[in-house]
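Subject: the model I promised you

Hi,

Here is the structure I said I would send over. Have a look at it first, and then read on for my notes.

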Amino acid sequence: LKRIFFFLIILNLSSCGILTSYENSVAENSFGRKELKNKNFKEKFTSEMSKKIDLENCYYNYYEDSQINYKRYYYLIFFKNRQYAYFTNSENNMDTNKLEKASHVGYYIVENDILKLETPTGNFNTKSYKVIWEFYIQKNILKQKKTKAEFEIKKITGLIIVVPNW
């Protein structure tokens, strides 16, 4: 019984440290949008990098697994000043003009035709909850290096090019 009690105390103390680390690394708004507090890519960007991707439209991916009745719609929007917004939803009715409702936001860089997104998608095993997503830049497609998911350019009627607030 003492061992179990001791184990529960250690587990509780370690989980408190994990939560503190998360709160120190990731900010969330009232809609659940996640953003890294420490952004390394912000300083590494050059204006030439934005010429390799489409800034007038968004990139779109749809994923479905009929065996478990799972559907996801993903949208990536890039801004000329090194920022991006990533949206995801189970229904295809997202208003991508409402940046406060993005799943997460951050900064991007391009190195040797590889697009890199600095994302707050890590967990307690990931330093500062930061994960770098990498995509091969092809003509009208971004192909994710790790998962092979493809994001195609999609024109959205009424997409407003705004200055992000992060």
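This is a predicted model: local features need pLDDT of at least 70, side-chain atom pairs count only at pLDDT 80 or more; totals for chains, interfaces and linings use all residues.

A word on terms before anything else: I call a residue buried under 20% relative accessible area, exposed over 50%, and partly exposed in between, using a 1.4 Å probe and protein chains only. Tyr63 comes out at 40% relative accessibility, so it counts as partly exposed.

Residues are numbered from 1 along each chain as its sequence is written, and side-chain values use heavy atoms, with hydrogens and water left out.

The overall layout: the protein has 2 helices and 10 strands, taken as DSSP runs numbered from the N terminus (helices are H or I with at least four residues, strands E with at least two). From the N terminus on, the order is α-β-β-α-β-β-β-β-β-β-β-β. Of the 166 residues, 37% are buried.

Back to Tyr63, which sits in strand S3. Together with Ile68 and Tyr70 it makes a nonpolar surface patch, and the three share about 310 Å² of accessible area. Patches take residues with over 30% relative accessible area and no salt bridge, joining nonpolar side chains (Val, Leu, Ile, Met, Phe, Trp, Tyr) within 5 Å and like charges within 9 Å. A salt bridge here is a side-chain nitrogen of Lys or Arg within 4 Å of a carboxyl oxygen of Asp or Glu. The areas are Shrake-Rupley values with a 1.4 Å probe, and for residues only the protein chains shown count as cover.

Next, the holes. I used a 1 Å grid over the protein atoms alone: a cavity is a set of points where a 1.4 Å probe fits but cannot get out, a pocket is an open set with protein on both sides within 12 Å along at least five of seven lines, and lining residues have an atom within 4 Å of a point. Points are joined across faces, edges and corners, and the volume is the space filled by probe spheres set on them.

The largest pocket has a volume of about 340 Å³. It is lined by 16 residues, and the closest to its centre are Trp133, Gln144, Lys146, Thr147 and Ala149. Strands S3 (58-65), S4 (70-78) and S8 (131-137) are the elements that give two or more residues to this lining, and S8 has the largest share with 5. By type, the lining of the largest pocket splits into 10 nonpolar, 3 polar and 3 charged; Ala, Val, Leu, Ile, Met, Phe, Trp, Tyr, Cys and Pro count as nonpolar, Asp, Glu, Lys and Arg as charged, and the others, Gly among them, as polar.

There is 1 cavity of 30 Å³ or more. The largest cavity has a volume of about 40 Å³, and its lining has 7 nonpolar residues, 2 polar and no charged. Among those lining it are Ile77, Phe79, Leu99 and Val162.

Which residues have a positive phi? Ser128 has one near 55°, and Tyr129 one near 60°. Most residues other than glycine have a negative phi. Ser128 is in the loop between strand S7 (114-119) and S8, and Tyr129 is found in the loop between S7 and S8 too. Ser128 is partly exposed at 35%, whereas Tyr129 is buried at 6%.

Cheers
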